[in-house]
Amino acid sequence: MKAITILGSTGSIGTQTLDIVAHHPDKFRVVGLAAGRNIELLVQQIRQFEPEIVATSCPEKLPELQNETASLPNPPQIVAGAEGVVEVARYGDAESVVTGIVGCAGLLPTIAAIEAGKDIALANKETLIAGGPVVLPLVKKHGVKLLPADSEHSAIFQCLQGVPQGGLRKIILTASGGAFRDLPVEKLSTVTVKDALKHPNWSMGQKITIDSATLMNKGLEVIEAHFLFGLDYDRIEIVIHPQSIIHSLIELQDTSVLAQLGWPDMRLPLLYALSFPERIYTDWERLDLVKAGDLTFREPDHDKYPCMQLAYAAGQAGGLMPAVLNAANEQAVALFLAEQIQFLDIPRLIETTCDRAYNQNTQTPTLEDILNADNWARETVITASKELNQSGSLISLT
């Protein structure tokens, strides 16, 4: 039985991971849970899975969580704040930590778990995008496994099993195209938050659903694939695959192409990351190719998805630029979700922020450098958004 900890337990990744645990109580037990503001759901999870330690990232929610758990037969240790989440990440005998916290907030807890010698089931792509130059050396130093738990990188990882060293030629990431894949580009100027949150295939959190609509999620996955699998950016491609049945592909040196297929279900990559190298039987719906029907592909529209090219540029620039890109995107998406900017302002604000950071880039950043760049990029997006709202244009800085 594998002991696991889940960071972001009340979010989409966390609830699906706990669904796996509930269906396989002989395979997994929960040591720790960390969540945000949803105390009601967190308490339900505590009652069902009886973790040893629990954190809420919101200190103001600590009294409520303590009151709700005090009368339990085996109440867990309760901690709070960013420090509390880090404490949960490195706590006890958990062998694997599922990192389901959205955004750069997952970086420090992931580092803490690695330093505690725990394997990482990586569902937080920002950990590598922003922190890759720091995280990868720590993974090597502490001898832990970093296993992808999102659908695309899990697909690549699964396809690579048995491929000899040097056999990989190209990675092909598939993208659904998001909420606006069939909408003409000229209509994007009037889309709303509600429109952008209507993902055609997947049920995900708000931030990643917006990223899917801008295709920034795929751009970020390109950077993550670079760090995970060591390929140069010109050997990582994106293709639109509306059905989301093929989750990604690899091309080998002899031009053979391998793909991993399945219904859109995040539990599949999560289960593989937790059970690797085993394959655990499930009673989930099996893929029926006749039912799936036609599988189609098309090239991404660069005019519709400028975020994709911004991500390639940041990845190729290296150093701090992926961290700046990631933080700028998080802040811009937050402003859009709050209806403070328009949909097309997201790439405009990201590009402006990256342009302003370019001359300050550092190729060998420390963790402090990355955290400072993250804070700077968020503040820059907020400043630039005020410029947009006041004058309708952005000031170009050199």
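**Exercise 1.** State where Thr255 lies and what its phi is.

Step 1. Thr255 lies in the loop between strand E10 (246-252) and strand E11 (257-261); helices (H or I, at least four residues) and strands (E, at least two) are DSSP runs, numbered from the N terminus.
Step 2. Phi of Thr255 is near 75°, a positive value in a residue other than glycine.

The model is predicted: local features need pLDDT of at least 70, side-chain atom pairs count only at pLDDT 80 or more, and totals for chains, interfaces and linings use all residues. Residues are numbered from 1 along each chain as its sequence is written, and side-chain values use heavy atoms, with hydrogens and water left out.

**Exercise 2.** Locate Glu50 and give its phi.

Step 1. The loop between helix H2 (39-49) and E3 holds Glu50.
Step 2. Glu50 is not a glycine, yet its phi is positive, about 50°.

**Exercise 3.** Find which type of peptide bond runs from Phe276 to Pro277.

Step 1. Pro277 belongs to the loop between helix H11 (267-275) and helix H12 (289-292).
Step 2. With omega near 5°, the bond from Phe276 to Pro277 is cis.

**Exercise 4.** List the buried residues of helix H4 (residues 81-89) and name what covers them.

Step 1. Gly81, Gly84, Val85, Val86, Val88 and Ala89 are the buried residues of H4; buried means under 20% relative accessible area, exposed over 50%, partly exposed in between (1.4 Å probe, protein chains only).
Step 2. The cover, by contact (heavy atoms within 4.5 Å), includes strands E1 (2-7), E2 (28-35), E3 (53-56), E4 (77-80) and E5 (96-99), and helix H5 (107-115).
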